Amino acid sequence: MALPPPADGSTCLVTGASSGIGAEIARELARRGHGVTLMARREDRLRELAGEIEKASGVKAEVVGCDVSDATARERAAHEIEMRGLAVQVLVNNAGFGSAGRFPEHREGQRHIDGAKPTWRRWWTSAASTCRA
Ligand SMILES: NC(=O)c1ccc[n+]([C@@H]2O[C@H](COP(=O)([O-])OP(=O)(O)OC[C@H]3O[C@@H](n4cnc5c(N)ncnc54)[C@H](OP(=O)(O)O)[C@@H]3O)[C@@H](O)[C@H]2O)c1
């Protein structure tokens, strides 16, 4: 699906960004001018990648350590992202759960949202709750 154009203060949250597919997706998003927020358990690897991305692409690369299989850690991470003032425009939920779509239209999001306003946070915390470490 086509990505929205990068917006001021927006970020693409990539879970499982410390290696493999997640790291490559983060690099590609940055090459296209999107700010990225890198999430995984190994923060040292995330910090290294964030430095590489900022140097190569000139976008803002944030690091948020989180074990996405832990509900408390997910809540803490979501709070941290919001406290940093980051507007999550794109969610790449690479650590564990495979599906794609716009937040408001997404079947999984609808199932968990129960009529409340759909947001990346609601979608992510419900989708990630199905992950296993
Ligand atoms: N490679 C393939 O050919 C292929 C094909 C189809 C589907 N997939 C799927 O695509 C995804 C990524 O594959 P990959 O090959 O890139 O794997 P990978 O190199 O092993 O990367 C997995 C990433 O997920 C993170 N992760 C794992 N458990 C986590 C947890 N509990 N909390 C937070 N982050 C966690 C790891 O970081 P930390 O260890 O630092 O937390 C790492 O960054 C997987 O779900 C895989 O099943 C892969």
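A few words on what you are looking at. This is a predicted model, in which local features need pLDDT of at least 70 and side-chain atom pairs count only at pLDDT 80 or more, while totals for chains, interfaces and linings use all residues. Residues are numbered from 1 along each chain as its sequence is written.

Now step back to the whole chain. The protein chain has five helices and four strands, and along the sequence they follow the pattern β-α-β-α-β-α-β-α-α. Helices (H or I, at least four residues) and strands (E, at least two) are DSSP runs, numbered from the N terminus. Of the 133 residues in the protein chain, 34% are buried. A residue is called buried if 20 or more other C-beta atoms lie within 10 Å of its own, exposed if 12 or fewer, and partly exposed in between, with C-beta atoms placed from the backbone. Two residues are in contact if their C-beta atoms, placed from the backbone, lie within 7 Å. Among contacts between residues at least 6 apart in sequence, 63% join residues at least 24 apart.

The strands show the burial well. Five of the six residues of β1 are buried, so β1 is largely enclosed by the rest of the structure. In β2 (36-40), five of its five residues are buried. Both faces of β2 are covered, with Val36, Leu38 and Ala40 buried on one side and Thr37 and Met39 buried on the other.

Strand β3 (61-65) holds Val64. Val64 counts as buried because 20 other C-beta atoms lie within 10 Å. Setting aside neighbours within four places in sequence, Val64 is in contact with Thr37, Met39, Ala77, Glu80 and Ile81. The C-alpha atoms of Val64 and Leu13 are 9.5 Å apart, although 51 residues separate them along the chain.

Next, follow the helices. Helix α2 (residues 43-57) has 15 residues and should span 21 Å at 1.5 Å a residue, which agrees with the 20 Å between its end C-alpha atoms. The expected span is 1.5 Å times one less than the number of residues. The buried residues of α2 are Leu46, Leu49, Ala50, Ile53 and Ser57. They cover an arc of only 105 degrees around the axis, which puts them on the same side of α2; the arc is that of the directions from the helix axis to the C-beta atoms. These buried residues pack against α1, β2 and β3. The face turned away from the buried side carries the exposed residues Asp44, Gly51 and Lys55. After α2 comes Gly58, whose phi is positive, near 75 degrees.

Helix α3 (residues 71-83) has 13 residues and reaches 18 Å from its first C-alpha to its last, close to the 18 Å expected at 1.5 Å a residue. Its buried residues are Arg74, Ala77, Ala78 and Ile81. They cover an arc of only 100 degrees around the axis, which puts them on the same side of α3. On the other side of α3, Thr72, His79 and Met83 are exposed. Gly85 follows α3, and its phi is positive, near 75 degrees.

Ala17 counts as buried because it has 32 C-beta neighbours inside 10 Å. Leaving aside neighbours within four places in sequence, its contacts include Gly22, Ala23, Leu38, Leu46 and Leu49. The C-alpha atoms of Ala17 and Leu38 are separated by 5.5 Å, while the two residues are 21 apart along the chain.

Finally, visit the ligand. Of the 19 residues around it, Gly16, Gly20, Ala40, Arg41 and Arg42 come nearest. A residue is near a molecule or strand if its C-beta atom, placed from the backbone, lies within 6 Å of it. Helix α1 (residues 20-31) gives the largest share of this shell, three residues. By class, the shell has seven nonpolar, nine polar and three charged residues. Ala, Val, Leu, Ile, Met, Phe, Trp, Tyr, Cys and Pro count as nonpolar, Asp, Glu, Lys and Arg as charged, and the others, Gly among them, as polar.
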